[in-house]
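Hi everyone, thanks for coming.

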Amino acid sequence: MNELLHLVADPAAWAALVTLIVMEVVLGIDNLVFISILSNKLPPEHRQRVRRIGISLALIMRLVLLSTIAFIVGLTAPVFDLGLAGPLSHGEPTFETAFSWRDLILIAGGLFLIWKATKEIHHNVDPDADESAPDVKTAAISNVGGAIFQIILLDIVFSIDSILTAVGMTDHLPIMIVAVIVAVTVMLLAADPLGNFINDNPTVVMLALGFLLMIGAVLIAEGFGVHVPKGYIYAAMAFSAGVEGLNMLSRRKGAGKKH
């Protein structure tokens, strides 16, 4: 209790909390885009429920991981090394092959995202191809259970990344818990508007899938020790979204003039 009172009275703790909340919300965008695209493949009556289940699972997973911080920090210890490394840049190798469990999880998550986004892009470009296939269309997401299973897989990847970011920014567990709860609450409030917006605008679907491809590539790069500044990634996403917003505005004005 004394520690909590000390944190409440400490301006530095409040600054750390605000900074961490912003970071967690930004990191949650990736998770939210994936959940929105996946839920939009389901019948309309199931979409909201799947989004809420997926985000609730993300919260539970993050809180569970916070309760095992020592284990999470241990995930960054190398488990095997192939002995390869890139040239030095600013005193550090540009890439390395000393893989930790975190690296392996990020690489697996990145490969899954690239596979998923590529498959969805192919379906959007050539929807008739799936209909002629002997197998069922996107069997993994043809039901709520399959969608939730895929969301859980990516929740694990994004949750580990999120908690390691939190651990790197503050040593106080209460601050981490509050930041995670606030960030996931923001995700919960934004899930339906974002999902509906993506569903109502076909060009935004392709843009969001492009974001998932980029995020997957970044996760794989991070797994190989290539540190890509997150600011560049989100700046590129914001720029692309801004250009698409201008295109949408232009199309609406063009449609209005025709009428």
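Let's begin at Ser159. Setting aside neighbours within four places in sequence, Ser159 is in contact with Ala58, Met61, Arg62 and Leu65. Please keep in mind that this is a predicted model.

So where does Ser159 sit? You'll find Ser159 in helix H7. Is Ser159 buried or exposed? With a relative accessible area of 0%, Ser159 is buried, because anything under 20% counts as buried. Its side chain also makes a polar contact with the side chain of Arg62, at 3.0 Å.

Helix H3, residues 44-66, packs with H7 at an angle of about 35°, and their axes are 9 Å apart. The crossing of H3 and H7 is right-handed. Arg62 of H3 and Ser159 of H7 both belong to this contact, and among the other contributors are Ile53, Leu57 and Leu65 of H3 and Ile148, Ile152 and Ile156 of H7. By class, the H3 and H7 contact has 16 nonpolar, 4 polar and 3 charged residues.

H7 has another partner to show you. Helix H2, residues 11-39, and H7, residues 144-169, pack at an angle of about 165°, with axes 10 Å apart. That makes H2 roughly antiparallel to H7. The crossing of H2 and H7 is right-handed. Here the contact includes Leu20, Met23, Leu27 and Phe34 of H2, along with Leu154, Phe158 and Met169 of H7. This contact divides into 12 nonpolar, 5 polar and 4 charged residues.

That's my tour, and I'm happy to go back to any view.

Notes
Residues numbered from 1 in each chain as written. Predicted model: local features only at pLDDT ≥ 70, side-chain atom pairs only at ≥ 80, totals over all residues. Heavy atoms only, no water. Axes fitted to C-alpha atoms, helices over the stretch in contact; angles between N-to-C directions. Helix = DSSP H or I, 4+ residues; strand = E, 2+ residues; numbered from the N terminus. Parallel < 35°, antiparallel > 145°, perpendicular 65-115°, else oblique. Left-handed = near helix turned anticlockwise from the far one by under 90°. Contact = heavy atoms within 4.5 Å. Nonpolar A, V, L, I, M, F, W, Y, C, P; charged D, E, K, R; others polar. Buried < 20%, exposed > 50% of the residue type's maximum accessible area, 1.4 Å probe, protein only. Polar contact = N/O pair within 3.5 Å; in protein donor to acceptor, adjacent residues only side chain to side chain.
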